[in-house]
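Here is a short report on a two-chain model.

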Amino acid sequence: MSTKVTSLQAAQYAFANAIRDPGNHLPPAGVSAQRLAVYHELFFNNFRNSLESAYPVLHDVVEPSLWEELVSGFFREHRCHTPEFPRMPREFLDWLTLPRDTQEQEPAFLPQLALWEWTELEVLLDPAIPMRPLRIDADLLDSQPVLVPSLRLHRFDYPVHRIAPGYLPDAALSEPVHLAAYRNAQDEAAFLELSPVSAALLQNIQENHDMTGAEHIDQLASLMGHPRPEQLFTFAAAFLDELRDKGVLLGGCTSTDNGDRNHV
Amino acid sequence: MSMDTHSRELSGAGLGLRRGLVAEWRGLTKDTPDFIEVTPENWMDLGGRFAKDLRYFTDRYPTVCHGLSLNLGGPVPLDAEFIKRLGHFFDEHGIVCFSEHLSYCGDNGHLYDLIPLPFTDEAISHTSERIRQVQDMLGRRIAVENVSYYAEPQGQMAELEFLNAILSEADCELLLDVNNVYVNSVNHGYDPEQFIAALPSDRIAYLHVAGHLREEPDLIIDTHGDRVIDPVWALLAYTYTRHGNRPTLLERDFNLPPLNELLSELAIIRTHQTAGGHNEHKSYIAAGSAVRLCQCHS
Ligand SMILES: [Fe+2]
């Protein structure tokens, strides 16, 4: 492909740059500063509204001037690649991984809170459907537990699920918090705070589809070097049933019908 | 790609599907819109409630798609992967017609809004070529929409000349937004009736009508956030007289009122359509009131 920039392309980049950053770029010929401002405002507000509805807590807890700088920095510097506007706010997370001017004044929990807020939204959008045949009432110890595909597991250094204008932790937790988000049977976003053991069990189920519930628990017990494996077993078996009631587990799959469709 | 899903007919008054309307609209049993319009970028590849709502409506209404992110006039190569996904979406939901904006929506990143092209020969050949590429990739003709613009980057011709040149060079259809013609006629000082009269009837796929915001005497912003104003209704009536009874979609994106208010605006559309139908300019329409849209090349 030719890399030569046509005069049309040059004019288009000039217009887009001026819309992104009218303070530092002149509008193209024919476009007045006044009308450029109209474009800047329309486009920027569209980004701002979308980010504010995706990150309502973040928007609430940071200083308005900081929020303004974050949104305009993102609008100015980031190049969005998703054509789907509802997924645009996810790219804010990518931008937050890069160095930026405001970092000094930002609360340390900011990127983790943003990730959690996006996760709450993402589970509502997730199009994935279970790829394996499953029985809702299967024995979860004898069958391979099938997780709801929207399940997301995260570990945070800050209690991001409790952050609010009246609760702004400035130090990391001594032990990280494990959180799960998923879309339940009523198509609502639902959340769980997990103990480290429960989180390890769920993660194991998510990563190893060909193991039965009993095998997952055994493996966990030996990994932990648990002194009383039978105690863990009782606890974990009840936990699996509870997960099914909550819609985190959809049911069980028996190895005979596992086939080669297991490409989740 | 299967072509049979494109053959449904479109007529009457349609309404844009918006998340905020879904709950009330789902229970609607009478005075229903004749067709719906969906922005694919807002609904594609979603699960859960969004997927169920979308399926509910596309199962019940003839559906057109109105895209936002194709970047038809843009400076970067077309996104082939995205176009493939669009085609898949159209097949899944039996989309009757696909339209996009005659503009660009970003540089090397999406800006999710419409930037006006300069009215130049270079922009005509660049954009026409890309429209043709999209039509080839999708295996169907598409419609392009005249957009509202608040500034006119330096060019060589008027909007009308630019638009007509694209329609002929790209061999595509036109989504004629009557409100945008009105908005631009105020913002850029031209005669909206003359503009509409000079468009090729046989290229018009369907019409848009919408409300807008009068910001200053010489600046109207195309917000889709209010009722359609009387001069735009008059221009719509004129359009039917000039080009015949055309399927017409009401766009409403912000300040969503109770559904009833939108349905009463659809009733106004239908009244004008019936009145316009008495005009002789309607003669090119095949017997019956419906127009077959966006037929494929093959
Ligand atoms: Fe429109």
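Over residues 258-264 of chain A, pLDDT stays under 50. The model has 10 contacts for that stretch beyond four places in sequence. This is a predicted model, and chain A as a whole has a mean pLDDT of 93. In chain A, 95% of residues reach 70 or more.

Chain B has a mean pLDDT of 91, with 90% of its residues at 70 or more. Residues 1-8 of chain B fall below 50. Residues 280-298 of chain B stay under 50 as well. The table lists these stretches with their contacts.

| Stretch | pLDDT | Contacts beyond near neighbours in sequence |
|---|---|---|
| Residues 258-264 of chain A | under 50 | 10 contacts |
| Residues 1-8 of chain B | below 50 | 24 contacts |
| Residues 280-298 of chain B | under 50 | 43 contacts |

For the model overall, ipTM is 0.91 and pTM is 0.91.

Now the interface. On the chain B side, 47 residues are in contact with 41 residues of chain A. About 3,700 Å² is buried between chain B and chain A. Carbon and sulfur atoms account for 58% of that area. Which three residues supply more of the area that chain B buries against chain A than any other three? They are Leu111(B), Tyr112(B) and Tyr150(B), with 19%.

The rule finds 5 salt bridges across the interface of chain B and chain A. Asp107(B) and Arg79(A) meet through their side chains in a salt bridge, at 3.8 Å from N to O.

Several elements of chain B give two or more residues to the side that touches chain A. The helices are helix 2 (40-43), helix 3 (48-60), helix 4 (80-93) and helix 5 (121-138). The strands are strand 6 (110-115) and strand 11 (219-221). Strand 6 of chain B gives the most, with 6 residues. By class, the side of chain B that touches chain A has 22 nonpolar, 12 polar and 13 charged residues.

Last, the domains of chain A. Domain 1 covers 2-106, and domain 2 covers 128-253. How many Å separate the centres of domain 1 and domain 2 of chain A? Taken over C-alpha atoms, the separation is 38 Å.

Terms used
Residues numbered from 1 in each chain as written. Chains lettered and ligands numbered in written order. Predicted model: local features only at pLDDT ≥ 70, side-chain atom pairs only at ≥ 80, totals over all residues. Heavy atoms only, no water. Domains from an automatic or database assignment. Contact = heavy atoms within 4.5 Å. Buried area = accessible area lost by both parts, 1.4 Å probe. Salt bridge = Lys/Arg side-chain N within 4 Å of Asp/Glu carboxyl O. Helix = DSSP H or I, 4+ residues; strand = E, 2+ residues; numbered from the N terminus. Nonpolar A, V, L, I, M, F, W, Y, C, P; charged D, E, K, R; others polar. pLDDT = per-residue confidence, 0-100.
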